[in-house]
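Please open the structure in your viewer and keep the selection tool at hand.

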Amino acid sequence: MSNPFDFLEPLVKLEEKITELETLASSTGVDTTREVGSLRETWAGESRRLFAGLTPWQRVMLARHPLRPQSSDYVDHMLDDFVPLAGDRRFGDDEAIITGMGRLGGIPVMLVGQQKGKDVHERKRCNFGMPHPEGYRKAMAKMRVAEKFNLPVIALVNTPGAFPGVEAEERGQSIAIAENIRDMSNLRTPIIVVVIGEGGSGGALGIGVGDRILMLQNSYFSVISPEGCAAILWKDGSKRDLAAERLKLTAGELARFGIVDEAVEEPAGGAHRQPAVMAGLLKDALLKHLRELQALTMDELLERRYRKYRAIGQFIESAGAATAAR
Amino acid sequence: MVLDRLRRANTGRDPKKIPDGLWVKCPSCAKTVFKRLVEERLDTCPECNHHFRMSARKRIAALIDDGTWQEWDADMSSADPLGFVDGKGYPERIAQQQAKTGLKDAVICGGGKLAGHSIGLGVSAFDFNGGSMGSVVGEKLTRLVERCTAARMPVIIVSASGGARMQEGLISLMQMAKTSAALARHAEKRQLFISVLTDPTMAGVMASYASLGDVIVAEPKAMIGFTGARVIQETIKQELPEGFQTSEFLHKYGQIDLIATRQEMKAELARIVSYLHHA
Ligand SMILES: [Zn+2]
């Protein structure tokens with residue numbers, strides 16, 4: 001299989017040249033400022049061109065980029081004074097979901113975030129971001145604390161899916177997800193959901209119900225992975241790029257369906273190029289939405305949350321044309 | 001009475017469940033059994049009581065008192081929000097399923113009496129595109145629950161579904177949230193929801209409303225779970241234990257309340273309603 005990030009190659013080449021010139025400058029004292037500056041401009045133009053024309057499949061690849069910022073990066077860059085909280089009080093501590101309290105621009109929040117892990121060891125501990133039932137129950141346990149003490153919940157979604165395994169089934173994967181979906185639908189505190197990378201089906205929805213759903217520009221949210229869809233429809237997993245296109249899984253497309261409230265812009269070259277800048281952009285977006293939600297009474301908030309989901313769906317009644325849900 | 005009505009209601013339906021002809025081979029005990037006898041026993045094997053998949057209409061007739069059923073939102077059918085094409089277009093696929101099953105989509109909802117108790121009932125039609133949940137299933141179930149919340153009535157949903165419907169993309173996934181949110185409101189009014197799981201209840205359906213019953217009842221030996229066994233085997237190369245993802249497996253692991261045969265289902269549900277519903 002070719003390198004899945006081939007489409008980024010023109011940018012990578014330019015980046016290598018820039019680094020080369022900078023190294024040359026520092027080792028020989030030659031002034032390369034002008035050349036570097038012009039290369040950076042070329043890079044910026046090239047990246048704008050490239051990112052404007054990304055295919056859905058390329059966005060899926062970016063969502064899965066190994067250097068893409070994860071929940072822990074957003075904790076580091078976006079929150080102050082973080083207090084990690086562990087465990088579901090029933091079975092264990094699932095590191096595929098990190099939970100804890102922090103201050104977002106001074107506002108205390110409860111963070112619940114799926115975590116894939118950054119190196120081999122952490123990836124293993126985090127089970128590559130695929131939570132077990134205890135992960136979902138841990139998330140709900142902390143959200144209950146948030147509800148009790150009026151902390152808004154920030155839920156960062158980044159999972160290929162809930163873990164498909166024997167133990168997960170034994171411990172009630174379906175039930176854990178179902179109960180979270182139900183309980184997030186009427187949790188008495190504001191909830192903002194952000195898809196920061198992969199929004200893999202029910203495993204994503206298990207921490208993904210809230211007042212606002214934001215998606216980073218190069219993330220995806222889908223009922224099934226493009227590979228899974230291609231395997232079912234065409235018995236051919238390699239048609240995943242076609243499946244990605246058909247599933248309408250990008251932020252822009254989902255915003256048009258009214259499911260996603262905001263597609264959050266990523267820095268030039270994608271979130272993985274500048275995690276701190278990305279975190280800053282997300283922080284601004286979160287604060288804006290939080291201010292709007294905190295202006296509502298609790299009853300208004302919950303009514304609007306109900307209406308938000310109530311309105312999702314398109315169907316035909318009697319001889320009429322397609323209608324949206326109420 | 002009930003069975004006569006069933007036979008009439010069922011003529012020509014569901015050729016897949018019980019093959020045409022006078023005789024049918026039971027997949028469980030491998031005996032060849034007289035088909036009409038199977039039908040008269042609510043689609044179960046006279047030798048081993050294997051539960052064949054049952055049509056939604058027949059299920060309703062088996063649960064609801066004669067002459068009390070009123071169907072709701074019967075006219076609703078799928079739109080094509082994604083313009084989804086795989087070989088053929090989604091609307092064409094739906095039209096085929098409608099012609100095959102005589103149904104508009106994969107769930108039938110309505111109200112009626114169950115042993116004298118007024119209830120709202122939703123029943124999955126597995127033969128319609130695998131009972132999958134798209135906008136129609138999500139919307140009809142949500143309206144069912146909302147109606148019962150307003151009327152302070154119990155809801156029973158009999159599930160048989162492969163999960164969310166791929167051809168409506170994320171809109172299908174969001175029906176999990178929509179139905180669950182409606183059930184949360186039903187629960188806030190202290191109203192009863194009984195979830196009945198039949199073969200198969202998987203994925204997005206099991207991971208939403210089907211798991212939210214105050215009481216969860218399953219038919220014997222139904223396949224129930226989140227991830228399909230084949231996918232589990234392929235992705236993690238794990239050996240699957242005997243009886244994995246059956247009703248009995250879920251019962252052993254504390255995930256469902258009871259297993260009831262199809263013959264005793266109506267009486268069992270009536271008993272539960274009599275304890276947990278105060279009109
Ligand atoms: Zn048999």
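Begin with two helices of chain A: select residues 71-78, which form helix 4, and residues 275-294, which form helix 13. Please note that the model is a predicted one. The axes of helix 4 and helix 13 of chain A come within 9 Å and cross at roughly 75°. Angles of 65 to 115 degrees count as roughly perpendicular, and helix 4 of chain A and helix 13 of chain A are therefore roughly perpendicular to each other.

Now display the side chains where these two helices touch. From helix 4 of chain A, show Asp73(A), Tyr74(A), His77(A) and Met78(A). Their counterparts in helix 13 of chain A are Pro275(A), Ala276(A), Ala279(A), Leu282(A) and Lys283(A). Coloured by class, the residues of this contact between helix 4 and helix 13 of chain A comprise six nonpolar, one polar and two charged.

**Helix 11 of chain A and its neighbours**

Next, select helix 3 of chain A, residues 56-63, together with helix 11 of chain A, residues 240-247. Their axes lie 7 Å apart, and the packing angle is about 100°. Helix 3 and helix 11 of chain A are therefore also described as roughly perpendicular to each other. Which residues of helix 3 of chain A meet helix 11 of chain A? They are Pro56(A), Trp57(A) and Val60(A), and they meet Arg240(A), Asp241(A), Ala244(A) and Glu245(A) of helix 11. This contact of helix 3 with helix 11 of chain A has four nonpolar, no polar and three charged residues.

On the side of helix 10 of chain A, the contact is made by Pro226(A), Glu227(A), Cys229(A), Ala230(A) and Leu233(A). Helix 11 of chain A contributes Arg240(A), Leu242(A), Ala243(A), Ala244(A) and Leu247(A). By class, the contact of helix 10 with helix 11 of chain A has eight nonpolar, no polar and two charged residues.

**Chain A as a whole**

The C-alpha trace of chain A spans about 65 × 55 × 45 Å along its principal axes.

Colour chain A by domain: domain 1 covers 7-53 and domain 2 covers 61-312. The centres of domain 1 and domain 2 of chain A are separated by 34 Å.

Then zoom in on Phe128(A), in the loop between helix 5 (120-125) and helix 6 (133-148) of chain A. The phi of Phe128(A) is near 55°, a positive value in a residue other than glycine. Most residues other than glycine have a negative phi.

**Chain B**

Turn to chain B, which contains 10 helices and 13 strands. Along its principal axes, the C-alpha trace of chain B spans about 50 × 45 × 40 Å. A compact globule of 279 residues would have a radius of gyration near 19 Å, and the 18 Å of chain B agrees.

Select Asp199(B) and Pro200(B), which are joined by a cis peptide bond with omega about -15°. Pro200(B) lies in strand 10 of chain B, residues 193-202. Most peptide bonds are trans.

**Where the chains meet**

Finally, show both chains. How many residues of chain B are in contact with chain A? There are 51, and they touch 46 residues of chain A. The largest share of the side of chain B that touches chain A, 14 residues, comes from helix 6 of chain B. That side of chain B divides into 30 nonpolar, 17 polar and four charged residues.

Ile316(A) has Ser77(B), in strand 4 of chain B, as its bridge partner.

Conventions
Residues are numbered from 1 along each chain as its sequence is written. Chains are lettered from A and ligands numbered from 1 in the order in which they are written. This is a predicted model: local features need pLDDT of at least 70, side-chain atom pairs count only at pLDDT 80 or more; totals for chains, interfaces and linings use all residues. Domain bounds come from an automatic or database domain assignment. Axes are lines fitted to C-alpha atoms, for helices over the stretch in contact, and angles run from 0 to 180 degrees between N-to-C directions. Helices (H or I, at least four residues) and strands (E, at least two) are DSSP runs, numbered from the N terminus. Angles under 35 degrees count as roughly parallel, over 145 as roughly antiparallel, 65 to 115 as roughly perpendicular and the rest as oblique. Two residues are in contact if their C-beta atoms, placed from the backbone, lie within 7 Å. Ala, Val, Leu, Ile, Met, Phe, Trp, Tyr, Cys and Pro count as nonpolar, Asp, Glu, Lys and Arg as charged, and the others, Gly among them, as polar. Two strands pair if DSSP finds at least two bridges between them. The radius of gyration is taken over C-alpha atoms; the globule rule is 2.2 Å times the number of residues to the power 0.38.
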